[in-house]
Protein chains: 2
Amino acid sequence: MASTTTTEPEIKSSSVPIPLAALDYSKIDVILRFLFFGASVSALASIVSSYQTEFVLFQGVPVLQPAKFKYSPALIYFVSAFTVSGFYGLLTTIISISLIQKPQYKLKFLLHLLFWDALILGIVASATGAAGSIAYVGLKGNSHVGWIKICNVYDKFCRHLAGSIAVALFGSIVNVLLIWLSAYTLHTHVPK
Amino acid sequence: MASTTTTEPEIKSSSVPIPLAALDYSKIDVILRFLFFGASVSALASIVSSYQTEFVLFQGVPVLQPAKFKYSPALIYFVSAFTVSGFYGLLTTIISISLIQKPQYKLKFLLHLLFWDALILGIVASATGAAGSIAYVGLKGNSHVGWIKICNVYDKFCRHLAGSIAVALFGSIVNVLLIWLSAYTLHTHVPK
């Protein structure tokens with residue numbers, strides 16, 4: 001018994017020279033990146049299609065007034081950020097798929113992907129926060145400064161906005177998971 | 001001259017067998033974490049001290065109306081997020097300093113710090129975005145939905161808010177740099 005336990009580790013270490021365990025996470029990486037791409041595109045599609053026109057009382061006279069995301073700088077930033085993250089998601093999904101086929105370049109790309117992931121997380125999270133706070137004022141209003149709520153009039157616009165922000169939040173969480181996965185994969189290659 | 005330049009690298013490589021290069025970044029890590037802590041505390045101090053009371057016309061009658069961050073859910077989120085990040089900044093600065101003295105635990109802690117850094121980045125960036133978009137409406141108003149600007153009345157409140165958001169943005173950038181540094185340090189330990 002004692003002799004088998006002492007020889008086994010030696011055989012293992014000689015047959016597997018470089019840590020290969022980290023390569024198992026490649027497929028999860030592809031799935032997460034595709035999810036991130038999907039979330040970005042969904043968030044964009046939902047907010048871009050949020051256009052709604054309603055009659056609004058203006059000095060007692062009903063006037064046809066549209067609601068679109070272009071009226072709010074915060075929502076323009078949201079659309080810009082998720083356009084960038086959508087392209088980034090698509091590009092990195094392709095890169096991640098090609099890294100499965102060529103694992104020798106994996107570690108080099110992993111660091112670069114982690115760098116970009118952190119930057120994109122900052123952009124995407126801030127855009128989600130910006131759109132979320134504007135949407136909340138639209139939903140509830142703010143009586144202290146006299147900002148009226150608009151979601152009682154523009155119901156479709158607000159529903160699209162809420163859907164977009166929910167998907168954007170999901171995308172941000174996926175982005176955090178991507179950073180965790182890349183960091184963990186790098187860590188498993190570090191000699192103990 | 002030629003003999004000294006050829007012998008020097010040999011002496012270095014023999015005296016330093018295992019990658020020690022990454023340990024040079026420990027001090028930068030401490031400095032960045034302290035900067036992040038400082039930015040969080042400054043952002044908090046600026047927004048908490050933003051209280052201002054002004055006379056506002058309410059149905060033709062001037063009424064004393066205060067402006068405070070508690071009136072906006074987005075700004076309450078901002079204060080909560082930066083309270084958390086302030087404590088996190090302080091804690092991780094202490095951890096980072098103690099890791100200089102005990103470098104054998106460095107790699108283990110580095111992964112955990114990177115995990116938390118990514119999470120905190122998501123929270124801090126979204127809070128900065130949320131406060132930024134509310135402050136922009138306060139500064140410029142939004143004529144499409146009838147949200148009036150308030151910064152022409154509450155000048156001190158808006159100045160404090162702007163300062164707070166600027167420092168918060170700086171803190172978010174420092175947080176991205178922290179993730180980059182941790183990832184790079186992990187990467188330098190990976191066998192090529």
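A:Arg159 is exposed, with a relative accessible area of 54% (exposed means over 50% relative accessible area, buried under 20%, and partly exposed in between, with a 1.4 Å probe and protein chains only). This is a predicted model, in which local features need pLDDT of at least 70 and side-chain atom pairs count only at pLDDT 80 or more, while totals for chains, interfaces and linings use all residues. Residues are numbered from 1 along each chain as its sequence is written, chains are lettered from A and ligands numbered from 1 in the order in which they are written, and side-chain values use heavy atoms, leaving out hydrogens and water.

Side chains of opposite charge can pair when their charged atoms come close. A:Arg159 forms a salt bridge with A:Asp155, with 3.8 Å between the closest N and O atoms (a salt bridge is a side-chain nitrogen of Lys or Arg within 4 Å of a carboxyl oxygen of Asp or Glu). A:Asp155 is partly exposed at 38% relative accessibility.

In chain B, B:Arg33 pairs with B:Asp29 in a salt bridge, the closest N and O atoms being 3.0 Å apart. Both residues are buried and lie in helix 2 (residues 25-48), 4 residues apart. B:Arg33 also forms a salt bridge with B:Asp117, again with closest N and O atoms 3.0 Å apart. B:Asp117 belongs to helix 4 (residues 106-140) of chain B and B:Arg33 to helix 2, so this pair ties together parts 84 residues apart in sequence. B:Asp117 is buried.

In chain A, salt bridges link A:Asp29, A:Arg33 and A:Asp117 in a network. Over all chains, the count is 6 salt bridges.

How values were computed:
Helix = DSSP H or I, 4+ residues; strand = E, 2+ residues; numbered from the N terminus.
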